[in-house]
Amino acid sequence: PLAPWPPQVQRPPINALWPAENTAWPALAQVWGLDASGDPCASLLRQGVQCFRTDRMTFNGLQLLQRPALLRLQDGERRAWALLLNMDATHLTLQGRDGQPWRLPLGALPSLWSGDTLTLWRLPPGVTQRVGVASAGAARDWLDAQIARLPESTVPAGSAAERLMAFQRGHGVNPDGQAGPLTFMQMNRVAGIDEPRLGDASASPPFPAASPAGR
């Protein structure tokens, strides 16, 4: 169950957010400077960017990935998507359909969010098909080449599988030896791939001050 909402913090009204996933993807795509018209994820894939969905994201995961995301919030039986634009050690910034930002303490989020998250990541050069788990092919070749460039102080010498798991352990990814999207997201950060980061597109301050909850 979700935790009680702190009464001293302004609650983002559900009706100010995106009601459905397909209506929310274009807002995230805009942060990337991309077009998500039509079928959003198919359109983005043609532009070299892949959609990622999970219902098990955590605070720690959001902080490690450091990328804008859509979070599915709930208020009773109502659910809708908010755009996460910034997150630091104490607060996060969410945005709704009208561009209104809410700056909330991290402790307020568990009352609204149980892990449903959408985000985007850039595919390796030359890869045009969706990547699930890359066991071979151009995506895996690129990943292995990036890992091979890392110093042995961070990724000790060993087999390709052992080095992959060492990279995963060092970057907050489950060290299962499976080259999935989260592993590629973290490698994109390490390799300096051009992707938006949390804070890049935050609304300018001042943010709305905390106030008693209201609709």
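**Reading a predicted fold, feature by feature**

Q: The link of Cys41 and Cys51 is left-handed, with -105 degrees about the S-S bond. What is a disulfide, in general?

A: A disulfide is a covalent bond that joins the sulfur atoms of two cysteines. Keep in mind as we go that this is a predicted model. Here the sulfur atoms of Cys41 and Cys51 are 2.1 Å apart, and the structure holds one disulfide. Cys41 sits in helix 2 (residues 40-46) and Cys51 in strand 1 (residues 49-54), so the pair links distant parts of the chain, 10 residues apart.

Q: Are Cys41 and Cys51 buried or exposed?

A: Both Cys41 and Cys51 are buried. For the protein chain as a whole, buried residues make up 47% of its 215 residues.

Q: Which residues touch the most other members of the largest nonpolar core?

A: First the general idea: in soluble globular proteins, nonpolar side chains tend to be buried together. In this structure the largest nonpolar core has 42 residues, and Leu71, Leu73 and Phe184 touch the most other members. Another core, of 18 residues, lies apart from it, with Trp25, Cys41, Trp81 and Leu83 among its members.

Q: Which residues are in contact with Leu71, beyond its neighbours in sequence?

A: Setting aside neighbours within four places in sequence, the contacts of Leu71 include Leu62, Ala80, Trp81, Leu94 and Trp113. Asp116 and Thr117 are also in contact with Leu71.

Q: How many salt bridges are there, and which residues form a network of them?

A: To read a salt bridge, look for a side-chain nitrogen of Lys or Arg within 4 Å of a carboxyl oxygen of Asp or Glu. The whole structure has seven. Arg67, Glu195 and Arg197 are linked in a network. In it, Glu195 and Arg67 meet at 2.9 Å, N to O. Glu195 lies in the segment after helix 6 (181-191), while Arg67 lies in the loop between helix 3 (59-65) and strand 2 (69-75), so their bridge ties together parts that are 128 residues apart in sequence. Glu195 also bridges to Arg197, with the closest N and O atoms 3.5 Å apart.

Q: Why do Glu195 and Arg67 count as buried?

A: The cut-off for buried is under 20% relative accessible area. Glu195 counts as buried because its relative accessibility is 5%, and Arg67 is buried with 2%. Arg197 is buried too. Compare another salt bridge, where Arg78 and Asp75 meet at 3.1 Å, N to O: Arg78 is partly exposed, at 40%, whereas Asp75 counts as buried, at 13%.

Q: At what angle do helix 5 and helix 6 pack, and which residues make the contact?

A: Helix 5 (residues 160-170) and helix 6 pack at about 75 degrees, with their axes 10 Å apart. Helix 5 is therefore roughly perpendicular to helix 6. Leu164, Phe167 and Gln168 of helix 5 make the contact with Thr183, Gln186, Met187 and Val190 of helix 6.

How values were computed. Residues numbered from 1 in each chain as written. Predicted model: local features only at pLDDT ≥ 70, side-chain atom pairs only at ≥ 80, totals over all residues. Heavy atoms only, no water. Core = buried A, V, L, I, M, F, W, Y, C linked by side-chain atoms within 4.5 Å. Buried < 20%, exposed > 50% of the residue type's maximum accessible area, 1.4 Å probe, protein only. Contact = heavy atoms within 4.5 Å. Helix = DSSP H or I, 4+ residues; strand = E, 2+ residues; numbered from the N terminus. Disulfide = S-S within 2.5 Å. Axes fitted to C-alpha atoms, helices over the stretch in contact; angles between N-to-C directions. Parallel < 35°, antiparallel > 145°, perpendicular 65-115°, else oblique.
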